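The exercises below are to be worked through with the sequence and the coordinates at hand. Each task is followed by a solution in steps.

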Amino acid sequence: MDPAASDAVPYRIAVVGSGPRGLSVVERLAARLAADRPDRPVHLHLIDEVQVGCGRVWRSDQPGHFLMNTVAGEVSSFSGPPDGGPARPGAGPSLAQWWSTVDAGRAGANGYAPRALHGRYMLFVLDAVKAALPPNVTLQELRASVTDVEPFDGGYRLELSDGTPLFADRVVLVTGHARPELRGLQKELAEFAATRPALRYIRGDSAADMPLEAIPAGSSVGVLGLGLSFYDVMAALTLGRGGRFADDGAGGLTYLPSGNEPFLVAGSRSGMPLPARGRNQKHADFTYTPLLFTADRVRGERPHGTLDFKADILPWLLAEARLVYYATALRRRNGTEAAAAFTDETARAAADGPPPVAAIAARHGAGDLPPLDLDALARPFEGRSYPGPEAFEKELLQAIDDDLAHAEQGNTDSPLKAALDVLRDTRALVRSLVDFAGLQPASHRDDFIGWYGARSSFLAAGPPRLRLRQTAALIECGLLRIAGPHTRFAGDRDTDAFLVSSPFVAGSAVPVTTVIDARIPSPDLRHDPAPLTRRLVERGLWTDYVNGEGADAFRTGGVAVTDSPYHPVGRDGLPDTGLYVLGIPTEHTRWFMQGGSSRPGFWTDFVRDADAIAGHALGGITARRPTLG
């Protein structure tokens, strides 16, 4: 073929999934194409089953009572800040800046936007991307699901849900949250309900996609889990049923029911609703530089060996959080010089290993603070029993009040919330240490995912303070009961109802006719029934990542990928360099892949990952190979 003639053959890149990560890949593709205009036509295809541009979780038509849990000023889908020109790939407003142009009365950098509004913002970003494409670049939006991807003539053939084929030279798979097969307790509850017409079991998912409207007013509903999805379910079954929260004149809220609400009985292992995020006091471009917790200190004499999380990483991470905890308290009590003196002594002590931070703090006058104990914070009622629901409720409401008091102080002025923000602010460092089998298999499974992952999610990923105030108001008005620690959900054959109870709260058992699993399922390639996933597994293009070998091996359930730009590793052990997998499907191969956005003003791993894929995918333009279709 004449090389000049092949320049007219379009080069095609398909992005499957248009949530935040898919949109970020498209934004970086467009930014690179604008900066280095191709001689050859380029066709971009953005594919999503629900809403192209924002995806299912962020779709723009969901109710406004579903809120984000990150302040608007910390969210951007552009890979660079505004520069005085039009919004375009590489330069555009943050969510907060855009929000102020469409709803100035409600917007605020430290406000929590409705998820639907974030979806509208993502559509704005997509429109800006399309407007900035060079003349020989097109972007096609396809509302469809992809049911198969197979290698074809040096590229790939995608099959859409209506049977239409689509041919591409490169394919980026950013498929987001899965709906895995029900197992264990979830399967038991679903099967119990399936044989009893009066009962219903609603599986874990985005609350906007749950059939909550079918729940009768006045019925009793069990809610399994007290995390972020619990707050969504709570809002849907109260605000979404016409109820209102009003200021009680004392810093709290009172709930005004509509009469259409069900009665909620919720619970979890901890028995404590997810604590609130501290009032934001940090600028959008804030970055945290650890003093004690560094990769060199963690690795010590094993710079290339696998690590034990509890022995090698956790002591330094806790030392860093405790340093911030006590330094914040000393700064507030005695001023910056007192905090600096404590910090300097602690840093010097780190030369010999993780320093005894609490003991040093005691010498500086902060020995009266409660110890910073992740177990105690994440399981505040552990080891305690209560004579009845009223006794537990009294202690629970006090715990909520205490948490709100810490949160109101702010995430730099509250010693507790500032320290817990360290868990959030060091995620990238933790990821660099644990990703791709950085941990020994048993430590990866038990210490990191099983122990730290649960505590980190509980303590460092909380909702707006508003949600805790709403929770307290609903408890006080009698529409919500938290059953207690180690809540049990079971089918009761004697009454043909579900029973929600806590073994540590006497008289806590409540029969309910609906159970809602308010937990987002953990991704697991082996149990994902989605047609595309199953076909990729059958073809050997996707395999699950295994940490270790032999009897000690840990099958993570995450898609096995290479390091950046994240090609899937096939059954033959080789990467497919025309495919890319990013985000939630790779969870456990990499860590914390559910993060939903980047930060304005600087590049986080979120944008760096998208840009690495965009750069590699566009590198194929010079191959001068015709594509069929």
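**Exercise 1. Identify the members of an aromatic cluster and the charges placed over rings.**

Solution. Phe 309, Phe 448, Tyr 452, Trp 591 and Phe 592 together form one aromatic cluster, where rings of Phe, Tyr and Trp (its six-membered ring) pair if their centres lie within 6.5 Å. This is a predicted model, in which local features need pLDDT of at least 70 and side-chain atom pairs count only at pLDDT 80 or more, whereas totals for chains, interfaces and linings use all residues. Residues are numbered from 1 along each chain as its sequence is written, and side-chain values use heavy atoms, with hydrogens and water left out. Across the whole structure, a search finds 20 aromatic pairs.

**Exercise 2. Describe how helix H13 packs against helix H15.**

Solution. Begin with the geometry: the axes of H13 (residues 415-425) and H15 (residues 441-460) come within 9 Å and cross at roughly 125°. Here helices are DSSP runs (H or I, at least four residues) numbered from the N terminus, and axes are lines fitted to C-alpha atoms over the stretch in contact, with angles from 0 to 180 degrees between N-to-C directions. That angle makes H13 oblique to H15, since angles under 35 degrees count as roughly parallel, over 145 as roughly antiparallel, 65 to 115 as roughly perpendicular and the rest as oblique.

Then list the contact (heavy atoms within 4.5 Å): Leu 420, Leu 423 and Arg 424 in H13 meet Tyr 452, Ser 456, Leu 459 and Ala 460 in H15. These residues divide into 5 nonpolar, 1 polar and 1 charged, where Ala, Val, Leu, Ile, Met, Phe, Trp, Tyr, Cys and Pro count as nonpolar, Asp, Glu, Lys and Arg as charged, and the others, Gly among them, as polar.

**Exercise 3. Apply the angle classes to helices H3 and H4.**

Solution. H3 (residues 95-102) and H4 (residues 115-131) pack at an angle of about 100°, with their axes 11 Å apart. That makes H3 roughly perpendicular to H4. The contact is made by Leu 95, Trp 98, Trp 99 and Val 102 of H3 together with Leu 117, His 118, Arg 120, Tyr 121 and Phe 124 of H4.

Note on methods: Helices (H or I, at least four residues) and strands (E, at least two) are DSSP runs, numbered from the N terminus. Rings of Phe, Tyr and Trp (its six-membered ring) pair if their centres lie within 6.5 Å; planes under 30 degrees apart count as stacked, over 60 as edge-to-face and the rest as tilted.
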